[in-house]
Structure formats: C-alpha cells, structure tokens
Amino acid sequence: MNRLYGARGWTILGVFGFFVFAVMPFFNLYVSTENPMHVSAYWVTLLGKIMCYAIVAVAMDLIWGYAGILSLGHGLFFALGGYSFGMYLMRQIGADGQYQQPMPDFMVFLDWKEFPWQWWNSESFWWCAMLVVVVPGLLAYVFGYFAFRSRVKGVYFSIITQALTFAAMLLFFRNATGFGGNNGFTDFRRILDIPIATPQTRMALFAVSAATLIGTLLLARWIVTSKFGRVLAAIRDAEARVMFCGYDTMYYKLAIWTLSAVLCGIAGALYVPQVGIINPSEMSPANSIEIAIWVAVGGRGTLAGAALGAGLVNGAKSFFTQAFPEYWLFFLGLLFILVTLFLPQGVLGLLNRWKKSA
Amino acid sequence: MRMLIIAALLVFPSLVFSQDAKTVEKLAFGESDEKVEAIAALVAAGDEKSAAVLQAMADGDLYTSGKRVLIVKDDAATDAATGGKLAKVPEDKEDITVNNRLRRELNGALAALKLISPKVEVRHAAAKELLGRAEPAMLPLVKKALGKESNPDVKAMLEQIAAALELKAEDRATRLAAVRKLASSNNSSTKTLLLSFLGSEKDEELRAEAQKSVRAIEGSVAWGERLGVVFTSVSLGSILLLAALGLAITYGLMGVINMAHGELIMLGAYSTYVVQNLFKGSAYFDWYLLAAVPAAFIVPALVGMALERSVIRWLYGRPLETLLATWGISLILIQAVRTLFGAANVQVENPAFMSGGVEAFTGVVLPWSRVVIIGFALFVLLLVYLLLNKTRLGLFVRGVTQNREMAACVGVSTARIDTWAFGLGSGIAGLAGCALSQIDNVGPNLGQNYIVDSFMVVVLGGVGQLAGTVYAALGLGFANKLLEAWQGAVLAKIAVLIFIVFFIQKRPQGMFALKGRAIES
C-alpha cells in the first residue's frame with residue numbers, strides 16, 4: 001500500500017473519495033431542490049463526464065508519459081467502448097422509440113427488418129460489457145502488434161494512429177455500417193431495466209465512474225512503480241539501449257498500449273449513459289489531440305496530473321463555451337502553444353517547482 | 001350556356017375548325033394524358049407558333065380565359081390558337097398548372113423544337129440534350145431537321161437520334177439500318193436502348209446485328225470511361241500534390257510536424273477570396289487570379305515566417321511538442337478566420353475562362369477549372385524544383401537539411417534559412433488554397449479536410465525529396481479514384497488510409513527513402 005502513494009497522496013485520494021461518494025450524493029439526493037446547497041443534475045452530469053475524461057487522460061499518460069508513445073487514436077478507443085455499450089442501451093429502449101417498434105429508430109427509418117451481425121446478442125448486458133473491453137483491446141493489440149513489430153515510432157506512429165481514427169470516423173458516418181450513421185445512438189431510456197433519467201440512476205453512474213477513476217489511478221500507479229513500469233520508462237528514454245540489454249521492447253509496448261486502449265473503452269462506456277449520446281464526431285482527429293493536451297496541461301508522467309489536467313481543461317471548456325463561445329478555440333489554441341513552450345512539466349511540475357524554491 | 005358557346009363559335013370560328021386550335025384547347029383544358037398528346041402533336045407540327053405556345057406553357061405564361069387560351073407576356077395577351085393580338089388582358093384569366101410529368105414532356109418538346117433553330121450552337125445543344133431520350137413523336141421533326149442540317153457534328157447526332165427512334169419502326173429494313181447506325185455511338189444510353197431492343201426483337205438476324213452494335217458501343221464507352229477515370233485521377237493527384245508540396249518542404253526537408261499546414265492552405269483560399277472581392281464589379285474581374293496567386297502566396301508565407309520565429313523555432317528536435325503546438329496554432333487560425341469572415345462558407349467565383357469544360361468524349365467532360373489546376377500544379381512543382389536546385393536559397397536549404405552543423409560551420413545562417421524555408425513551404429500551401437478555392441467550398445474548416453491527406457502523401461512518398469511526393473500524390477489520386485469507381489467514395493478513402501497504415505509499417509521511410517546510416521532519429 002505504502003509503495004503506491006505517500007501519506008499526502010493517500011490523503012488527497014481519501015478526500016476525493018469522500019467528496020464523490022458522500023458529499024455529492026448527499027447534496028444532490030437528500031438536500032431538497034429549493035435549498036441553495038442543492039447540487040443540481042447539471043453538475044452531477046458534468047463532473048461524471050469529466051471523470052470519464054480523466055480516466056482517458058490517465059490511460060493516455062500511461063502510454064505517452066511513461067512509454068513515450070503519443071497516440072492520436074485514443075478518441076477511437078473511447079468511442080468504440082461507447083458504441084459497444086450504446087448498443088445495449090439502444091436495445092433497452094425496446095418499443096418505446098419514436099416509431100414504437102422493437103428495432104431501434106434508425107433501423108426502422110432505414111427499413112431494416114432484422115439486426116445486422118454486429119448487433120448479435122446485444123440485448124445482453126454482460127455481452128456488451130465484454131465488448132467494451134474486447135473491441136478496443138483487440139483492435140489496439142492487432143494494430144500495435146504490426147506497428148511495434150516493424151518499429152514504427154515517434155511521429156510516424158502518431159500520424160498513422162490519426163489516419164486510423166480518421167478512417168474509422170468515415171466508416172461510422174456511413175449508415176450501412178449499422179451504427180446509426182451521422183446521428184449515432186441517442187434517446188436512451190433504461191439501463192438494466194431501470195429508467196436512466198432519474199436522480200438515483202444518475203448518481204449511481206456518477207459513483208461508478210468515480211470508483212473506476214480511483215481504480216484506474218491505483219492500477220496505473222501500481223504499474224508504473226513496478227519493474228514493468230521501470231522498463232517502460234527506460235524504453236521511453238533510450239529504446240535502443242533497453243534492447244541491447246536483452247529486453248524485447250515490443251511486448252512491453254504492446255501490453256501498455258492495449259491496456260491503455262481498454263481503459264479508454266471503459267471510460268467511453270461510462271460516458272455514453274451519462275451524456276446520453278454517442279456519434280462519430282467523437283472519433284474526429286481533433287478530439288484525440290485534445291486528450292494529449294489534457295495530459296500535457298496536468299503534467300506528463302505524473303498520472304494524477306493527467307486526471308487533474310482533464311478536469312482543468314474540460315472545466316474551462318464548459319465555462320468558455322457557455323460564457324464566450326467564440327473565444328474557446330483561441331483559449332484552447334493558446335493553451336496548446338503555451339503549455340508546450342513554457343510548461344513542459346505541466347501544472348503539477350509548476351507546483352513542485354514552487355514547493356522546492358519556497 | 002349553349003347559347004354562349006354558339007355565340008363564341010360565331011365570333012371565333014377558327015377555334016373549332018382549325019386542327020391547331022383543337023390541339024391548343026386539349027393542351028389547356030384536357031386531362032394529363034390529353035395534354036401529353038397535345039404536346040406531341042405540337043412538336044410534330046414543328047412550326048414557330050407551336051414553339052411559342054410550348055415555350056409560354058413552360059414559362060408559366062399560358063392562361064385560360066373562358067374558353068380561350070391566351071399567352072400573356074408583359075401585359076400583352078395573344079390568342080394561342082390563332083396568334084391574334086387582344087386589345088387588353090382579360091380580368092378572369094386563370095393559370096394552367098404544369099405538373100412534373102408535364103414539365104418533363106415540355107422540356108423534351110422544347111429541346112426538339114430547338115433542332116430547327118437557325119443558330120448552330122442552339123441546334124448542337126438541343127441535339128445533345130435529345131441523345132438517348134427522344135420520344136417517338138419527335139421522329140418527323142428530327143427527320144425534318146436532318147434534311148436541313150448542314151453542320152456535320154449536329155448531323156451525326158441527329159442521325160443517332162433518328163436511328164434510336166427508328167428501332168421501333170414496323171419495317172424490318174428500317175430497323176436493321178437503325179441498329180447498324182447505332183453501332184457508331186459512344187453513348188451509354190444508346191447501349192441501354194439496344195439492350196431493351198434485344199429484349200423485344202424476335203428476328204434472329206436483327207438480334208445478331210444488335211449484339212454486334214452493343215459490343216461496338218461497349219468498346220468505345222469503355223474507352224471514354226477509362227479516359228474519364230484517368231483524368232479525374234490526375235486531377236485529384238494534382239490537388240493532393242499541391243496540398244502536399246508545401247508540407248514536403250516544412251516536414252520533408254525541415255522535419256517540422258506542421259499540423260497548421262491545412263490552415264495555411266485555408267489562408268491562401270481566403271486571400272483569393274479577398275482579392276476577388278476587390279476586383280468585383282471591375283472590368284478586369286476575369287483576371288483577378290493574376291493578382292490572387294501572389295497574394296495567396298505572400299499572406300500565408302508571412303504568417304508562416306512569423307510562426308517559425310515565434311513558436312516553432314523553440315521546438316526543433318521535439319517533434320511531438322511541435323505537433324501539439326502547431327495544432328494549437330491551427331485552432332487559433334480557424335477561430336480568427338471565423339471571427340473575421342464568419343463561420344459560413346464564402347463564395348469564390350471562377351473567372352469566365354475557367355467555367356464550363358471541354359468534352360473529350362461523349363459523357364466525359366473535362367472541366368476547365370480542373371484542367372487549369374493540373375497545369376497550375378505542374379507550374380508550382382517546376383517552381384519549387386528550380387528554387388531548391390538552382391538558387392542559392394535552395395542550396396542552403398538542402399545543406400541545412402543534410403547537415404546542420406556543417407552548414408553552420410561554412411557560414412550558412414541556419415536560423416535565417418529555417419525561417420525562409422518555412423515561409424516558402426507556407427506560401428506554397430497558400431498557392432494550394434488559391435487553387436482549391438476554384439473547385440471546393442471555402443470555409444474555416446477547409447484545411448482540416450486536407451491535413452490528413454497531405455501527411456499521407458508526404459509520409460508515403462518518403463521524407464526529404466520531391467520526386468517521392470509527386471509519385472505518392474499521383475499514386476494516391478489513382479488509387480482513390482479506381483477504388484471509388486468500384487466501391488464508392490467513403491470506402492475507397494478508408495481502404496486507402498488502411499493501405500497507408502500498413503505500408504508505413506512495411507517501409508517506415510516511405511517509397512523513396514534517402515540512403516544513409518540514420519538508424520535512430
């Protein structure tokens with residue numbers, strides 16, 4: 001236990017846990033809506049969403065901060081997880097859609113008589129929950145196997161992951177792919193036969209996201225402090241030397257790459273029922289690059305910093321897009337430039353520097 | 001009522017007694033089928049007056065007033081049946097509604113009537129319009145036009161039209177002649193026509209002839225299609241080449257991952273838009289591109305140089321950071337353009353000489369804009385080649401690429417060369433934008449559509465030289481268009497992307513890798 005975090009680390013994690021598992025539920029569910037202390041559904045959804053992003057950021061930090069591989073395809077794994085779980089949510093709508101038919105609305109609209117093969121067994125929660133892990137994991141494994149075997153690295157790797165994401169986005173935009181085309185999945189009604197829009201369900205999803213985030217942080221921390229993590233950092237700093245020492249670097253990279261993709265898929269699956277929509281724009285190259293900036297803002301190679309960065313950038317995003325929608329892109333663009341130029345260690349690095357000089 | 005009609009008959013005897021008037025009446029008051037018959041009858045008559053009536057009906061100028069049919073134009077009414085002028089426009093006039101079916105018939109009929117126009121161009125256009133979609137009722141008119149036609153092109157087309165119509169003739173010899181005549185067609189709709197003819201024809205000899213004709217047409221149509229595919233491939237290749245040439249310098253030679261490259265293309269397109277607006281209304285509008293090309297080079301070049309000086313310079317040797325910072329720049333440029341010009345697409349008009357196209361084969365039209373862009377791409381390529389290989393700046397750029405320290409040692413100011421080279425690459429991106437503004441929508445997101453493609457071209461071609469970029473651009477153009485003809489645009493694009501992903505894994509240095517000892521960079 002002590003190996004993972006110091007006393008301060010455990011305290012922060014404890015405070016965070018108390019906040020998400022006790023404070024939030026209490027002020028959302030048990031304080032009446034008239035009371036000014038009431039935490040509204042808007043905040044629960046927003047924080048839940050940001051925690052999903054934080055999971056993605058931690059996954060990204062594992063691969064970028066520790067193994068030195070910048071992926072521009074994490075939006076794809078996130079979306080694949082979301083689509084896998086979205087299928088189950090679409091089946092849960094049952095005959096309550098616009099057309100009152102047992103098939104999802106978009107299939108009725110396209111005049112499809114039966115489910116395409118991708119939807120096999122999608123009415124089962126456990127099957128879809130398995131797909132959430134297996135689909136992004138398998139894709140990442142196969143793609144990573146070929147890429148790492150032929151030693152594609154650095155910018156080349158970034159660019160081909162971007163090409164992969166872009167190709168997937170084009171594919172999902174097609175109606176014939178069978179996932180609702182442009183509109184994707186939306187209008188969910190139930191999850192595990194429980195209505196999805198009630199405060200209790202919302203809070204339950206929030207709590208599951210929080211637990212997953214904490215679990216992800218602990219798992220990631222455990223990995224990077226293990227011997228495996230030390231080898232990863234060595235690969236990042238001097239891959240050739242690690243190879244000369246007799247390590248087969250490919251399997252180290254492949255393992256962390258696949259794990260990172262799986263974590264993204266899980267985050268996507270938690271994100272979809274909370275936000276209530278998934279469509280191919282989640283796979284746009286811009287989204288994947290944004291994930292990198294969350295990590296850079298918080299601090300590469302710090303894990304907690306990545307989660308913090310996701311929170312800061314997305315908090316700023318929801319503030320700006322409401323208050324000054326036309327300035328958000330200016331702000332985001334400047335953030336990209338300033339962080340890379342002046343904050344190579346991110347916010348966490350800045351804090352540490354202050355502490356040392358003080 | 002009856003009294004009224006008798007009175008009307010007494011006043012306008014022509015209404016009843018001329019064949020023409022009956023047709024016009026059917027046209028105005030009849031059921032849909034009757035109206036179609038009337039149109040056919042008017043076409044068969046094929047004179048000036050019928051043409052006027054049909055034109056009026058198509059334009060919505062045909063009205064009924066009581067039992068009379070009037071053409072009302074510019075507050076003057078003419079009786080459609082007799083051609084006599086009326087003193088004033090009657091108050092009780094009513095529209096004749098023209099539904100879609102009638103409109104189709106009318107358009108065909110009007111085209112047929114244009115066959116007898118005195119102007120060659122009008123006849124040519126009309127004959128082309130009718131190729132493969134003439135109605136049997138037009139046969140007399142086509143024959144009449146054929147007798148009078150002197151222009152060989154139009155005559156050949158008219159013969160095709162007549163032959164297509166004569167396929168349905170009763171007389172076997174006529175049908176045989178028609179089938180033989182159609183063999184010289186290179187129009188795919190003629191093939192459809194012959195195939196349906198094969199479906200109904202019983203006579204063995206005629207069938208054999210028809211099959212021979214189908215094969216002949218298939219041959220020439222296939223050539224036309226192949227030519228079309230080659231042209232669109234070269235056209236797409238030239239666009240990719242233009243978009244990627246600038247990147248071949250900034251990324252290929254300098255090693256800067258410039259994610260804002262697409263936005264520099266977009267700036268070039270917007271510069272063209274601004275210059276075009278300055279020329280609007282002037283007599284020299286057709287020549288605005290002469291001013292737009294330098295502007296589209298200079299504006300992005302200056303922006304690029306400023307970026308190199310302020311941001312990119314500090315990130316040399318850190319490619320992943322460069323990627324993120326230039327992505328940030330691209331976001332700022334997109335939003336800046338959105339704030340200045342609005343989020344909607346802006347209108348860039350082609351100069352007159354670039355609109356329209358040249359028809360190389362029936363059904364294969366090469367738009368002038370595309371032809372000009374292919375030429376422009378070659379021009380820019382030549383320019384870049386000369387600049388890199390024949391000038392002092394080019395020598396220095398190549399020197400810095402090969403060995404930065406050595407170049408600095410012999411007195412090259414490497415920092416200044418970096419700025420100039422980056423400006424050059426940005427300016428060429430702007431030229432691509434100028435070309436794209438002629439064929440694509442110009443909006444703030446223009447660049448986003450080209451950034452992935454440009455990187456693919458440069459990466460596929462191999463970093464560090466131009467020849468690879470040219471081959472990769474043309475290769476991708478062909479691959480895209482050939483797959484598109486087979487599987488549709490989206491799947492073609494996906495297939496090409498996946499192909500590149502695998503290709504890079506096989507040959508990470510691209511098709512034309514520079515030979516050297518760089519094991520790890």
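Modeller: Two strands pair if DSSP finds at least two bridges between them; helices (H or I, at least four residues) and strands (E, at least two) are DSSP runs, numbered from the N terminus. This is a predicted model, where local features need pLDDT of at least 70, side-chain atom pairs count only at pLDDT 80 or more, and totals for chains, interfaces and linings use all residues. Residues are numbered from 1 along each chain as its sequence is written, while chains are lettered from A and ligands numbered from 1 in the order in which they are written.

Colleague: In what sense do S1(B) and S2(B) pair?

Modeller: Strand S1 of chain B covers residues 62–65 and strand S2 of chain B covers residues 68–73. Ser65(B) stands opposite Arg68(B), and Gly66(B) in the turn has a positive phi of about 60 degrees. Over four bridges, the sense of the pairing is antiparallel.

Colleague: And which residue takes a positive phi in the hairpin of S2(B) and S3(B)?

Modeller: S2(B) also pairs with strand S3 of chain B, residues 76–79, over four bridges in the antiparallel sense. Lys73(B) has Ala76(B) as its bridge partner. Two residues lie between the strands, and the one with a positive phi near 50 degrees is Asp74(B).

Colleague: Which helix gives the largest share of the side of chain A that touches chain B?

Modeller: Taking two residues as in contact if their C-beta atoms, placed from the backbone, lie within 7 Å, 36 residues of chain A are in contact with 34 residues of chain B. Helices H5, H6, H11 and H13 of chain A each supply at least two residues of that side of chain A. The largest share, 13 residues, comes from H6(A).

Colleague: Which residue of chain B is in contact with Ile293(A)?

Modeller: Leave aside the neighbours of Ile293(A) within four places in sequence. Among its contacts are then Val313(A), Leu335(A), Phe336(A) and Val339(A). The contact in chain B is Leu324(B).

Colleague: How many contacts beyond four places in sequence does the model have for residues 516–521 of chain B?

Modeller: pLDDT is the predictor's confidence in each residue, from 0 to 100, and chain B has a mean of 81. Over residues 516–521 of chain B, pLDDT stays under 50. Where pLDDT is low, the predicted coordinates should not be read in detail. For that stretch, the number of such contacts is one.
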